[in-house]
Amino acid sequence: MSNRPEHSHYVRRVVLPSGKTIEVVYFDDTPGATQPTASNVPARTEREQTDLHICGSCGSDLVYPVEWDEAGATHWEVSLRCPNCEWSGTGIFEQDIVDRFDEELDRGTESLVRDLRRLIHANMEEDIDRFVAALHDGHIVPEDF
Ligand SMILES: [Zn+2]
């Protein structure tokens, strides 16, 4: 009886030193109950259906190749999997689509590292917030030092 999806995740807004604001979405570990949402997808104007990293099932952009094989001189047979909704499938794609996918995967690795740095930074901010709050509430007094 936990049919209340609005409580299955919460968003924390993080302001980066650059002034940019990102939203970190936290999900409860209730499989099936959550409808994952990308709350801050970078403005993507040309969303094409041939973007292999975009999941056709849930819209996640985390689709990655499980394996790929040459299929003729100009095509590749690629098995894909979406870690978000467990969708998987295999298709034959043109060279330039696969090339673009390859570039996107490189970008994905870079942005993963960036996200990780932001998260570490956000956690640090949280510690500082807690410390400041404790100071204000009088839980930390000069005798502590
Ligand atoms: Zn998916």
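1. Helices here are DSSP runs (H or I, at least four residues), as are strands (E, at least two), numbered from the N terminus.

2. Please keep in mind that this is a predicted model: local features need pLDDT of at least 70, side-chain atom pairs count only at pLDDT 80 or more, and totals for chains, interfaces and linings use all residues. Residues are numbered from 1 along each chain as its sequence is written.

3. How many residues of α1 are buried? Among its 42 residues the count is two, and α1 is hardly covered. A residue is buried if 20 or more other C-beta atoms, placed from the backbone, lie within 10 Å of its own. Just after α1, Gly138 takes a positive phi of about 80 degrees.

4. Now look at the open sheet, where three strands follow the order β3-β4-β5 with antiparallel pairing. Its edge strands, β3 (64-70) and β5 (88-94), each pair on one side only. Two strands pair if DSSP finds at least two bridges between them.

5. Seven antiparallel bridges join β4 (residues 75-81) to β5. Ser79 stands opposite Thr90 in β5, and Leu80 has Gly89 of β5 as its bridge partner. The two strands make a hairpin with six residues between them, and Glu86 in the turn has a positive phi of about 70 degrees.

Key. A residue is buried if 20 or more other C-beta atoms lie within 10 Å of its own, exposed if 12 or fewer, and partly exposed in between; C-beta atoms are placed from the backbone.
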